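Please read these points alongside the model. They go from single residues to the whole chain and back.

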Amino acid sequence: EAFVEETGERVASERERMRERLETRFGVHPSASPFLLLDVGSSEAVDEFREAVGEYDIVVRDARTFRGLDSHVRVAIRLPYDLLLDALDV
């Protein structure tokens, strides 16, 4: 029980920290899950985003396969993810 509680608190804290940083450049949808859904602006920008973070061996979910999310990527919230933030310069 303690592990589950600690994990939930860590994910919530990290999700908020990442949301605050990422929303300076992207549309960030509200989330209660261990993911953030980012609107990167266009379908072409999804490819550019994935390529940019891929240079750091970071994989994000291309959300264009979901109806209405043609300009979105999904980012997992895990341990402090400063590598992603550094790769995006946010």
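Is Val75 buried or exposed, and what is its relative accessible area?

1. Val75 is buried, with a relative accessible area of 1%. Here buried means under 20% relative accessible area, exposed means over 50%, and partly exposed lies in between (1.4 Å probe, protein chains only). Val75 belongs to strand 4. Its C-alpha atom is 14 Å from that of Asp86, at a sequence separation of eleven residues.

2. On provenance: this is a predicted model, in which local features need pLDDT of at least 70 and side-chain atom pairs count only at pLDDT 80 or more, while totals for chains, interfaces and linings use all residues. Residues are numbered from 1 along each chain as its sequence is written, and side-chain values use heavy atoms, with hydrogens and water left out.

3. Three helices and four strands make up the secondary structure of the chain. Their order along the sequence is α-β-β-α-β-β-α. The radius of gyration is 13 Å, close to the 12 Å that the globule rule gives for 90 residues, so the chain is as compact as a globular protein of that length. Helices (H or I, at least four residues) and strands (E, at least two) are DSSP runs, numbered from the N terminus. The radius of gyration is taken over C-alpha atoms, and the globule rule is 2.2 Å times the number of residues to the power 0.38.

4. The C-alpha trace spans about 45 × 30 × 20 Å along its principal axes. Of the 90 residues in the chain, 33% are buried.

5. Contacts (heavy atoms within 4.5 Å) can be sorted by sequence separation. Among those between residues at least 6 apart in sequence, 57% join residues at least 24 apart.

6. The chain has 12 positive and 20 negative charges, and their mean positions are 4 Å apart. Lys and Arg count as positive and Asp and Glu as negative, with His and the chain ends not counted. Each charge is placed at NZ of Lys, CZ of Arg, CG of Asp or CD of Glu.

7. His72 lies in strand 4, residues 72-76, and is buried at 5% relative accessible area. The side chains of His72 and His29 form a polar contact of 3.0 Å. A polar contact is a pair of N or O atoms within 3.5 Å; within protein, one must be able to donate a hydrogen and the other to accept it, and residues adjacent in sequence count only if both atoms are side-chain atoms. Leaving out residues up to four places away in sequence, His72 touches residues including Leu37, Val46, Arg61 and Ala63.

8. Ala63 sits in the loop between strand 3 and strand 4 and is buried, at 2%. Leaving out residues up to four places away in sequence, Ala63 touches Leu37, Leu69, His72 and Val73. Ala63 and Val75, twelve residues apart in sequence, are 9.9 Å apart C-alpha to C-alpha.

9. The loop between helix 2 (43-54) and strand 3 (61-62) holds Asp57, and Ile58 is in the loop between helix 2 and strand 3. Asp57 is exposed at 73% relative accessibility, whereas Ile58 is buried at 5%. Phi of Asp57 is near 60 degrees, a positive value in a residue other than glycine.
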